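Q: I would like to learn how to read a protein model feature by feature. Could we go through one together?

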Amino acid sequence: MTCATTSEVKQFPEEFTLSKCHDAIFNSEFKNDILLFYLNTTYRALVTAAELLRQNTIFELTEIGFEHIKSGPDRALRIARAQNARRLGSKVPPPYPNGWFAIVESSNLQIGGVTPVDALGQNLCVYRGEDGVARCVDAYCPHLGANLAVGGNVCGNCIECPFHKWRFGEDGSCVSVPGLEHAPRGISIKTWPTVEADGAVWIWHDAEGREPLWGLEDAPEVKKWGYRGRNEFIISAHIQEIPENGADVAHLNAVHAPSLLSQLGEKYPILLNFIGRHVWAADWSRNDDHTATMSLTHDYKIMKLNLFHVGVSVTQIGPGHVRLYLQTPGGPILVSQSVTPIGPLLQKVVHRLYSPTYNAPVGGMFVKIESYMFERDVAIWNNKRFVSSPTYVRTDKQIKAFRSWFSQFYSERSLTFRDAIQNKLDW
């Protein structure tokens with residue numbers, strides 16, 4: 001594709017009036033594209049209105065970023081082949097940093113409920129005891145290896161193995177074996193420190209075996225506001241690259257400037273005056289602890305008109321948790337993001353949105369808006385490799401600062417990327 005020369009671009013009058021704009025658009029070669037734009041906008045509005053009734057959207061790995069792979073009965077196989085052929089990069093950091101990670105939605109774990117979870121390269125069993133407390137243990141029974149999360153039962157606050165009915169207590173120790181008067185000593189399963197916050201169950205992972213280095217609790221808004229929905233993405237990337245986007249200020253106007261309403265602005269840049277574009281400004285900074293902050297502004301501009309200003313205050317909490325506070329023309333919104341490693345280069349990213357009752361429709365709309373914007377990043381992540389030593393330019397200084405800050409979540413015993421890949425093969 002070649003760029004149009006200056007002489008080939010349609011010139012519009014220097015002084016715009018409504019009648020001149022009308023004539024310039026509808027008496028030009030862009031007429032059909034403009035009409036298609038308005039039809040598409042109307043269609044998207046109707047589709048969005050219908051989808052707002054369904055506030056739980058899940059995107060599997062193969063759904064975003066593989067448009068270049070043609071459709072066909074073996075498309076999934078060809079996507080898998082492309083992923084296997086992708087260069088991973090050199091000096092990739094450890095895939096499982098130390099911190100809190102969300103593993104299941106609180107609302108999906110009822111009292112007496114048991115669910116299997118794959119996270120941090122582990123197979124886990126998550127259950128809720130009769131006391132209402134969520135707990136997490138390693139999935140496999142130390143007896144003969146049955147998966148406690150598949151067919152296992154909750155008995156009081158214990159988890160019972162489906163194979164031989166061995167029971168394990170709150171601390172992971174075996175408390176009961178059918179046919180034995182006393183449970184055998186020294187037999188237990190690993191338990192994971194567990195809390196509930198921002199609508200999810202979180203577990204603490206630490207390569208050194210330390211107790212949690214910081215606490216985690218609900219954002220105040222979660223208790224006061226209403227839940228508006230969530231979206232979930234499975235992404236092929238290193239966990240560090242997801243929050244690094246916040247410090248990569250330059251990417252905002254490179255990736256997220258084109259209008260969500262239409263791609264015509266990319267095809268005909270002169271039409272940005274009429275379609276509009278997203279304009280971003282941001283500043284990322286580290287704190288002296290496990291948190292970092294970012295201030296972000298968004299404006300949707302058509303010509304010189306600013307139609308939709310949004311201010312965002314962002315707090316990164318450890319490696320896998322981000323809270324975004326949005327001030328929109330329709331009222332405030334909280335986005336709670338969790339990033340959880342499933343495997344060495346496989347992440348589950350979830351956004352949960354909350355807003356006051358009076359702007360519930362706005363909160364519902366932002367579930368879709370946020371998803372559309374995030375998909376642009378996912379398409380890139382799913383096809384890139386990790387670069388350990390980038391060629392930094394002046395606008396990348398915050399990326400370098402971010403990587404220095406994020407390194408605190410790796411420790412001496414953190415599983416290396418190479419060993420994590422090998423463990424996966426060994427399994």
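Q: Which residues line the largest cavity?

A: Happy to start there. Rolling a probe the size of a water molecule over the atoms shows where empty space is left. On a 1 Å grid over the protein atoms alone, a cavity is a set of points where a 1.4 Å probe fits but cannot get out, while a pocket is an open set with protein on both sides within 12 Å along at least five of seven lines; a lining residue has an atom within 4 Å of a point. Here the lining of the largest cavity consists of Arg86, Arg87, Leu88, Ser236, Ala237, His238, Glu241, Leu345, Trp381, Lys384, Arg385 and Phe386. Before we go on, this is a predicted model, in which local features need pLDDT of at least 70 and side-chain atom pairs count only at pLDDT 80 or more, whereas totals for chains, interfaces and linings use all residues. Residues are numbered from 1 along each chain as its sequence is written, and side-chain values use heavy atoms, with hydrogens and water left out.

Q: How much space lies in the largest cavity, and what is the volume of the largest pocket?

A: A volume is the space filled by probe spheres set on the grid points, which are joined across faces, edges and corners. The largest cavity holds about 50 Å³, and the count of cavities of 30 Å³ or more comes to one. The largest pocket has a volume of about 1,300 Å³.

Q: Which residues lie nearest the centre of the largest pocket?

A: Trp280, Phe366, Ile369, Glu370 and Met373 do, out of 49 lining residues. Helix H9 (residues 360–381) gives the most to this lining, with eleven residues.

Q: How many helices and strands does the chain have?

A: Eleven helices and 19 strands.

Q: In which sense do E1 and strand E13 pair?

A: Strands of a sheet pair through backbone hydrogen bonds, either parallel or antiparallel. Two strands count as paired if DSSP finds at least two bridges between them. E1 and E13 (residues 226–235) are parallel, with four bridges, and Phe59 stands opposite Phe233 in E13.

Q: What is the order of the open sheet of four strands?

A: The order is E6-E7-E8-E9, with antiparallel pairing. Strands E6 (153–155) and E9 (174–176) are the edges, each pairing on one side only. Two bridges join E8 (residues 167–168) to E9, and Arg167 has Ser176 as its bridge partner there.

Q: How many residues lie between E16 and E17 in their hairpin?

A: Three, and Gly318 in the turn has a positive phi of about 70°. E16 pairs with E17 (residues 321–328) in the antiparallel sense over six bridges, with Gln316 opposite Val322. E17 then forms a hairpin with E18, with two residues between them; these two strands are antiparallel over eight bridges, and Leu324 stands opposite Val335.

Q: Which residues have the most contacts inside the largest nonpolar core?

A: A nonpolar core is a set of buried Ala, Val, Leu, Ile, Met, Phe, Trp, Tyr and Cys residues joined through side-chain atoms within 4.5 Å. In the largest core, of 33 residues, they are Trp202, Trp284, Leu326 and Trp405. Strand E16 (residues 305–317) gives the most to this core, with four residues. A second, separate core of 28 residues includes Val117, Val126, Val339 and Val349.

Q: Is Leu120 buried or exposed?

A: Leu120 is buried, with a relative accessible area of 3%. This residue has a positive phi of about 60° although it is not a glycine, and lies in the loop between strands E3 (114–119) and E4 (122–128).

Notes
Buried means under 20% relative accessible area, exposed over 50%, partly exposed in between (1.4 Å probe, protein chains only).
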